[in-house]
Amino acid sequence: MFAEERRAEIAKLVATARRVNGAELARRYDVTMETVRRDLAALEADGKLRRVHGGAVTAEQSTSVESSIGSRQSMNTPEKQRIAARAYQLLRESDAGAVVLDAGSTTEILADLIASSDFTLKNGADRIIITHALHIAVKLAEASGVVIDLVGGQLRKMTWAAVGSRPAEHFASIRPDIALIGVNGLDEEFGLSTPGLNEAIVKTAIVRSARRVVLLCDSAKFGQESLVRFAGLEDLDAIITDRAPEGSLAESLEQANVEVLIA
């Protein structure tokens with residue numbers, strides 16, 4: 001097999017599996033690790049993947065690069081749709097009167113589900129939805145049974161979310177019933193992480209403020225580490241995901257008493 005053919009196959013493998021192991025690639029193509037390293041370096045230079053210790057991941061899985069809101073809206077995968085639907089069911093079955101919706105692609109899908117229904121509590125009262133994400137607030141501005149508490153601050157154009165100390169101080173001053181948060185990476189040792197420090201400050205404040213913290217996380221983020229850690233597994237009450245965690249991550253979640261809900 002020519003190098004160009006092998007590299008094209010590796011690029012497809014990474015796009016499908018989202019992570020490849022260098023040693024496994026060497027065995028698969030019967031080449032040396034040095035050849036694999038050259039292949040991965042060439043593919044990284046072409047923007048097809050990102051090299052990490054032991055192999056490679058998809059190009060968008062950078063520890064410091066965050067997708068724009070437009071690109072995230074185009075990645076509403078079936079897995080995220082199922083996770084959002086399960087989160088919506090959880091909220092409908094609860095008596096949570098004050099709900100925090102974090103910024104993120106899955107929480108945005110959840111906002112669409114809320115906006116398309118009557119979200120009043122069983123006693124007829126409106127629910128307060130607290131968010132620092134402008135696009136989520138707009139989606140819910142006229143939703144039935146919803147009162148929006150829009151948290152202000154410096155707006156990031158890339159994510160349309162308020163970041164920094166001002167929104168963090170707001171979240172530190174309230175005690176919502178439940179917070180549904182997003183994440184860029186979930187690792188048993190590093191915990192929950194995100195690319196930006198200013199965003200992490202807000203996420204930390206959300207996690208500390210809520211009586212119940214539920215993570216919405218598709219399985220592609222398992223074992224991933226982004227630049228800034230904002231919470232540990234012990235800070236979670238539950239995780240809604242598309243596939244049951246395995247190995248050390250599953251063990252760590254169990255030890256931290258985190259309920260795992262599969263969508």
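Patches consist of residues with over 30% relative accessible area and no salt bridge, in which like charges are joined within 9 Å and nonpolar side chains (Val, Leu, Ile, Met, Phe, Trp, Tyr) within 5 Å. In this predicted model, local features need pLDDT of at least 70 and side-chain atom pairs count only at pLDDT 80 or more, whereas totals for chains, interfaces and linings use all residues. Residues are numbered from 1 along each chain as its sequence is written, and side-chain values use heavy atoms, with hydrogens and water left out.

Leu134, Val138, Leu150, Leu155 and Trp160 make a nonpolar surface patch of about 460 Å², with accessible areas from the Shrake-Rupley method and a 1.4 Å probe. Leu155 belongs to strand 7 (residues 154-156); helices (H or I, at least four residues) and strands (E, at least two) are DSSP runs numbered from the N terminus. Its relative accessible area of 43% makes Leu155 partly exposed, given that buried means under 20%, exposed over 50% and partly exposed in between.

The chain is divided into domain 1 (3-63) and domain 2 (70-262), with bounds from an automatic or database domain assignment. The centres of domain 1 and domain 2, taken over C-alpha atoms, are separated by 32 Å.

The whole structure holds 1 aromatic pair (ring centres within 6.5 Å; planes under 30 degrees apart are stacked, over 60 edge-to-face, the rest tilted). The ring centres of Tyr88 and Phe119 lie 6.1 Å apart with planes at 25 degrees, so this pair is stacked. Tyr88 is in helix 5 (residues 78-93) and Phe119 in the loop between helix 6 (105-115) and strand 5 (127-131), so the pair ties together parts 31 residues apart in sequence. Both Tyr88 and Phe119 are buried. The charged end of Arg127 sits over the ring of Phe119, 4.4 Å from its centre; this requires NZ of Lys or CZ of Arg within 6 Å of the ring centre and within 35 degrees of the ring normal.

There are 12 salt bridges, each a side-chain nitrogen of Lys or Arg within 4 Å of a carboxyl oxygen of Asp or Glu. Among them are the following.

| Pair | N to O distance |
|---|---|
| Glu34 and Arg37 | 3.4 Å |
| Glu34 and Arg38 | 3.9 Å |
| Arg211 and Asp177 | 3.5 Å |

Glu34 and Arg37 are 3 residues apart in helix 3 (residues 33-45), about one helical turn. Glu34 and Arg38 are 4 residues apart in helix 3. Arg211 is exposed at 55% relative accessibility, whereas Asp177 is partly exposed at 29%.

Conventions
Phe/Tyr/Trp six-rings, centres within 6.5 Å; stacked < 30°, edge-to-face > 60°. Buried < 20%, exposed > 50% of the residue type's maximum accessible area, 1.4 Å probe, protein only.
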